[in-house]
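Hello,

Here is the structure for your files. My notes follow below it.

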Amino acid sequence: DESVAAELEGSAGRAQRRGGLAAAAAFLERAAELTPDPARRGERAMAAAKAKLDAGAPEAALALVATAELAPLDELDRACLERLRAQVAFARRRGGDTPMLLMEAARRLVPLDPEMARETGLEALGAAVFAGSVGDSAALAEVRAAPGHVPPRPADLLFDGLAARATEGYAVGVPATRAALAAFREQGDGGGPDAERWTWMACRLAADLWDEDLWEELVVPGTRRARANGALATLPIMLSLQAGLHLHRGEFSETLALLDEADAISEAMGSAALVFIRPLLVAYRGREDEVLALISSGREAVLADGRSTALSLVESAGSTLYNALGRYEEALAYAERACAVLPMVMFPTALHELVEAAVRSDRPAVAAAAMDQLAERTQASGTDWALGIEARSRALLADGPQADRLYAEAVERLSRRRLAPYAARARLLYGEWLRRERRRVDARHHLRAAHETFAHIGAEAFAERARRELEATGETVRKRGPDTADVLTPQEAQIARLARDGLSNTEIGAQLFISPRTVQYHLRKVFAKLDITSRRQLGRVAPALLNPS
């Protein structure tokens, strides 16, 4: 019944405009079933498959692809169907051969629809972010030469930046990448078609450029939009990217809550879990057995799916752990494995871990080579975060006044940012160097600040390393125990105040742009820290406890 099918198709459009992706997919699926004309049925089945994929149902999308294949489609529709099948493969495993499949679909689209070809090429590069390799460079060159939209959209700029990086190197791709990210930022909260599909990639590249502010400006509204629209295909990625930002700021409770939500959605969708942040979180906390178990399971998962980026980050968690524990030979082994699979796009955690581990293991040649790779990225970035990490790493390779100057620069640059673990590590290394230079009073200042920061954020292994160094200067330091662990984090205190004022979890989440589940997670921690059992008891808590300095 074509009239009913057309009505359903119109209903799908209205649902999609209101953010109802799952409803739109259901309407389109039923419309395809009721379409009498075989060619029109194929077109609607393809539209339904795309909507199912966006709504986080890749298996249902694959079944609709099979339905569409039976229809009498033209060459363009066949090419679009090939692209859709590759998109489903990416949603299910996020690696493996998906960059090659998408790039081949892009190449097939070049003479048929150049703008769609470039968009598909961007999808291939997005898959390469996970897989670590773009595959056929000749196909990329062909797609890159296709005429794009005039004026260029944010997605066009993003494609140009990533293509330049893939073929010409990190530094060459930085200017075009910055232009693309600025275009995404200018779209603001309202977003647009490009923002809906590509904000996750923009966030990933902001992290890769060591641009903490831009990362936040993109990821917070992007996650909010994905949640509001029910875009389950991208929401787990957005949640993990926001978790990564919190991790690098030392906000571990927020990181854990977002990772739990991302994992729950990925499991419900049947898509590959995003396994690369949790091991690093646990590494900062110094829990060796748990880290090793996560590395082992994560390594197995990503090798099965061919996700080199995730493999590199999983391995780098081991280097962070063992650098924190002062077991540098073991840190070196993990860092070298992580750097051996450096993918096309990677926030280079492993490189600065490799520099530290190699210096401490008396492997100067290895440290110098890693330093050269790191400096190529940090110099091209030019942010305080990047240059602070570079100064900290160069200081490890220097002596005398030069080392002193570089350590001081690292502390100054990293302390300007909301990057507590990085600033504290710079102070820790500076304090260790000062102690060995017999400047004990100066060493205590930096070691004390590092210890306090590590203890406050819960980076237990680094806190213990700082404590040992402080004691070596002659200062006695009390180990962090239960009586020192009951201070609320700023976000916990804010949630506690809102709950005390009578707001529900949903209202608190809407105000802070987090999920009700995340609110509940924080409230459980608040209750445990304050030794209470309900929201009603928050009114009896001393105001100072809900307003930490």
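Start at D362: this residue follows helix α19 and has a positive phi, near 60°. Helices here are DSSP runs of H or I with at least four residues, numbered from the N terminus, while strands are E runs of at least two.

A word on the source. This is a predicted model, so local features need pLDDT of at least 70 and side-chain atom pairs count only at pLDDT 80 or more, while totals for chains, interfaces and linings use all residues. Residues are numbered from 1 along each chain as its sequence is written, and side-chain values use heavy atoms, without hydrogens and water.

Back to α19. The helix covers residues 349-360, twelve in number. From first C-alpha to last, α19 reaches 17 Å, close to the expected 16 Å (1.5 Å times one less than the number of residues). Ten of the twelve residues are buried (under 20% relative accessible area, 1.4 Å probe, protein chains only). Among them are H352, E353 and E356.

Now the cavities. The search of the whole structure gave four of 30 Å³ or more. A cavity is a set of points on a 1 Å grid over the protein atoms alone where a 1.4 Å probe fits but cannot get out. Points are joined across faces, edges and corners, and the volume is the space filled by probe spheres set on them.

The largest cavity holds about 220 Å³. It is lined by 15 residues, with G244, H248, F276, I277 and L313 closest to its centre (lining means an atom within 4 Å of a point). Helix α13 (235-248) gives the most to this lining, five residues.

Best wishes

Notes
1 Å grid on protein atoms, 1.4 Å probe; cavity = no way out; pocket = protein on both sides within 12 Å on 5 of 7 lines; lining within 4 Å. Buried < 20%, exposed > 50% of the residue type's maximum accessible area, 1.4 Å probe, protein only.
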